[in-house]
Amino acid sequence: MDDVPQGREAARDRRKSMSPAERERVEQTVSELLDLLGKAHMMAILREFAFSEGPLRFSDLETELGISPNTLSERLKELVATGLLVRESYDEIPPRVEYEPTEKAEALFPAFGHFHRWAADFALEPTDADKTSTFEVN
C-alpha cells in the first residue's frame, strides 16, 4: 500500500485521475466499507486484530471487548464474508476456532495508527446531547 496517496492534495489528485467508471466503483466501495465499519463494535474488533501478534479466538475477543456473544458472532461472520478475516476451525476437544486478518484487512490497519496518533494530539469536545461523555474537555 505504499502507493496510497498521503495527504488531502494527493488524494484529490488521485481522484481526479480516475475515469468516471473507476471513480464510481471506488466511491461505492468506500461507502460499503464505511457502512461495514460503522456497525456497532466493528472498529473495536478490527482494532484488536490490528494490534495483535497472531490469530485471535472468539473467547479472547469476547473477554477483551465485553461484546455479547451473539453480536460478536454476527460481526465476525460479516468480517469473514467480506474477506477481511479468515476463520480456521480445528478438530480438537474442546473445539478451537481462530480468526486471522487477510491481506485486505491488514491494508486497513495503518488507519488505527493514524487514529491513535490523532488521539494523542487531540481530544473531542463533548456534545450538547452527551454531557455525561468521557470526552476530555479542553
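Rings of Phe, Tyr and Trp, the last taken by its six-membered ring, count as a pair if their centres lie within 6.5 Å. Planes under 30 degrees apart make a pair stacked, planes over 60 degrees apart make it edge-to-face, and the rest are tilted. The views below show a predicted model.

**View 1. Phe109, Phe112 and Phe115 make up one aromatic cluster.** By the ring rule, the count comes to 3 aromatic pairs. One of them joins phenylalanine 112 and phenylalanine 115, with the centres 6.2 Å apart and 85° between the planes. This pair is edge-to-face because the planes are over 60 degrees apart. Phenylalanine 112 and phenylalanine 115 are 3 residues apart in helix H7 (residues 110–121), so about one helical turn separates them. Is each of these two residues buried or partly exposed? Phenylalanine 112, at 6% relative accessibility, counts as buried, whereas phenylalanine 115, at 47%, counts as partly exposed.

**View 2. The protein is built from 7 helices and 3 strands.** Read from the N terminus, its elements follow the order α-α-α-β-α-α-β-β-α-α. The protein has 138 residues, of which 21% count as buried. Among contacts between residues at least 6 apart in sequence, 40% join residues at least 24 apart.

**View 3. The largest nonpolar core holds 21 residues.** Ile45, Phe49, Leu61, Leu76 and Leu79 are the members that touch the most other members. At least two residues of this core come from each of helix H2 (20–37), helix H3 (42–51), helix H4 (58–65), helix H5 (69–81) and strand S3 (96–101). H3 gives the largest share of the core, 5 residues. Which residues does leucine 79 touch, not counting residues up to four places away in sequence? Leucine 79 touches Leu36, Met42, Ile45, Leu46, Leu84 and Leu85.

**View 4. Three strands form an open sheet in the order S1-S3-S2, with antiparallel pairing.** Strand S1 (56–57) and strand S2 (85–90) are the edge strands, and each pairs on one side only. Helix H5 packs on the sheet and touches S2 and S3. The direction of H5 makes about 115° with that of S2. Strands of a sheet pair through backbone hydrogen bonds, in a parallel or an antiparallel sense. S1 and S3 pair in the antiparallel sense over 2 bridges. Arginine 57 has glutamate 98 in S3 as its bridge partner.

**View 5. S2 and S3 form a hairpin with 5 residues between them.** Their antiparallel pairing runs over 6 bridges. Valine 86 has glutamate 100 as its bridge partner in S3, and serine 89 stands opposite valine 97 in S3. S3 is mostly covered, as 5 of its 6 residues are buried.

**View 6. Arginine 96 places its charged end over the ring of tyrosine 90.** How far does the charged end of arginine 96 lie from the centre of this ring? The distance is 3.8 Å. Tyrosine 90 falls within S2 (85–90), and arginine 96 falls within S3 (96–101).

**View 7. Threonine 102 lies in the loop between S3 and helix H6 (103–108).** Threonine 102 counts as buried because its relative accessibility, 16%, is under the 20% limit. Not counting residues up to four places away in sequence, threonine 102 touches Gly83, Leu84, Leu85 and Val86.

Notes: Residues numbered from 1 in each chain as written. Predicted model: local features only at pLDDT ≥ 70, side-chain atom pairs only at ≥ 80, totals over all residues. Heavy atoms only, no water. Core = buried A, V, L, I, M, F, W, Y, C linked by side-chain atoms within 4.5 Å. Buried < 20%, exposed > 50% of the residue type's maximum accessible area, 1.4 Å probe, protein only. Helix = DSSP H or I, 4+ residues; strand = E, 2+ residues; numbered from the N terminus. Contact = heavy atoms within 4.5 Å. Pairing = 2+ DSSP bridges. Axes fitted to C-alpha atoms, helices over the stretch in contact; angles between N-to-C directions. Lys NZ or Arg CZ within 6 Å of the ring centre and 35° of its normal.
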